[in-house]
Amino acid sequence: MATEIIPLDVQGLTKRFGSFTAVDHVAFTVQPGEVIGYLGPNGSGKTTTIRMLCGLLIPTEGTAKIMGIDVVQDPEGIKPHIGYMSQKFSLYDDLTVLENIEFYAGVYDIPRDTEKARIQEILQLAGLESRPKTLTAELSGGWRQRLALGCALIHKPPLLFLDEPTSGVDPVARREFWDLIYQLAAQGTTVFITTHYMDEAEHCNRVGFMYRSKLLAFDSPTALKSRYLHGAAWDLDADPLLETVEDLDGVDGVAQASLHGDRAHVIIDPEVWTADRLTKMLTDKGIHVRGIETVQSTLEDVFTLLAHRGRTAANLD
Ligand SMILES: Nc1ncnc2c1ncn2[C@@H]1O[C@H](COP(=O)(O)OP(=O)(O)OP(=O)(O)O)[C@@H](O)[C@H]1O
Ligand SMILES: [Mg+2]
């Protein structure tokens, strides 16, 4: 049986700008049809990573292969295999919807005999079939996003890079956009998507978390929660509550303590604390702990912990 070609194989990928390292030895592989969420704070290196993977930026070190093709050695060779929707969407505002799609059909050398049909398919996919003559500048955020996705898909690439496609888009448009992503993935397209929305990350097959240029974790949401938080965060019922939160913030091994209604939501490093020891520590400080309830951890909790560990390691807390 023929082995399936790995859509994305990244090893030791590094980018330095002068003395600043924007991407630091990032490594992962992606299987066909996976939806990969790529998360991380502003400036952590997500866009720089994608630009290297698309052959737009030369890595300082490391390798990346798209469908088995090396992105540095053959940047032209990877072009038919990838679609890229950049963070700024790259649409021409002074062109109509149709003209934008036609422009990308030209860029990707769509054969003349199939071009018309493909453009029609893209208009349909974007839901813009009744508005081909609308000026792109007049489209709302959600429609611009769908048009940009359509343009990135014009040549039916097996691998799609989407850089924050849903930022600034309303919740309904976001959900509809994700329906489209799942449809594409179900048809075999591999999707690599950056986002700041945790609800979107929860729905990815695997999630990568960038922090200060490093890829700190890369796994399924369930595996991440179980590995780093043993599946749980804590809701603490204590008196006085505000003081408890203030006391806990900054304690080594407490990634975050925040008010959550009439409880304190506490993300602890399970390598450092147990519920009993935390209760004792607070009691010793004169805080009355009524109870600690274990609640299902979220991806946001995991990333808060990873960021805490990252800061602690760098002595920044
Ligand atoms: N051409 C460049 N020259 C110098 N520094 C750069 C260049 N491009 C990016 N950087 C720096 O590299 C770091 C990573 O930037 P990048 O755009 O990859 O972050 P990001 O994770 O995509 O952030 P955001 O969530 O804000 O989009 C930033 O500190 C940025 O200022
Ligand atoms: Mg970015």
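Predicted model: local features only at pLDDT ≥ 70, side-chain atom pairs only at ≥ 80, totals over all residues.
Guide: Residues are numbered from 1 along each chain as its sequence is written, chains are lettered from A and ligands numbered from 1 in the order in which they are written, and side-chain values use heavy atoms, with hydrogens and water left out.

Visitor: What makes residues 141-152 helix α5?

Guide: Helices (H or I, at least four residues) and strands (E, at least two) are DSSP runs, numbered from the N terminus, and α5 has twelve residues. Its span from first C-alpha to last is 17 Å, close to the 16 Å expected, where the expected value is 1.5 Å times one less than the number of residues.

Visitor: Why is T136 called buried?

Guide: Buried means under 20% relative accessible area, exposed over 50%, and partly exposed in between (1.4 Å probe, protein chains only); T136 has a relative accessible area of 0%, and is therefore buried. T136 lies in the loop between α4 and α5. Contact means heavy atoms within 4.5 Å, and, leaving aside neighbours within four places in sequence, the contacts of T136 include R144 and L147.

Visitor: How do you know that α5 is mostly covered?

Guide: Ten of the twelve residues of α5 are buried, among them R144, L147 and L149. The buried residues of α5 pack against β6 (82-85), α3 (97-107), α4 (112-126), β7 (159-163) and α6 (171-186).

Visitor: Why are α5 and α6 called roughly parallel to each other?

Guide: Axes are lines fitted to C-alpha atoms, for helices over the stretch in contact, and angles run from 0 to 180 degrees between N-to-C directions. Angles under 35 degrees count as roughly parallel, over 145 as roughly antiparallel, 65 to 115 as roughly perpendicular and the rest as oblique. For α5 and α6 the angle is about 15 degrees, with the axes 10 Å apart, so the two helices are roughly parallel.

Visitor: Which residues of α5 and α6 meet?

Guide: From α5, G142, Q145, R146 and L149 meet A173, E176, F177 and L180 of α6. The residues of this contact divide into four nonpolar, two polar and two charged, where Ala, Val, Leu, Ile, Met, Phe, Trp, Tyr, Cys and Pro count as nonpolar, Asp, Glu, Lys and Arg as charged, and the others, Gly among them, as polar.
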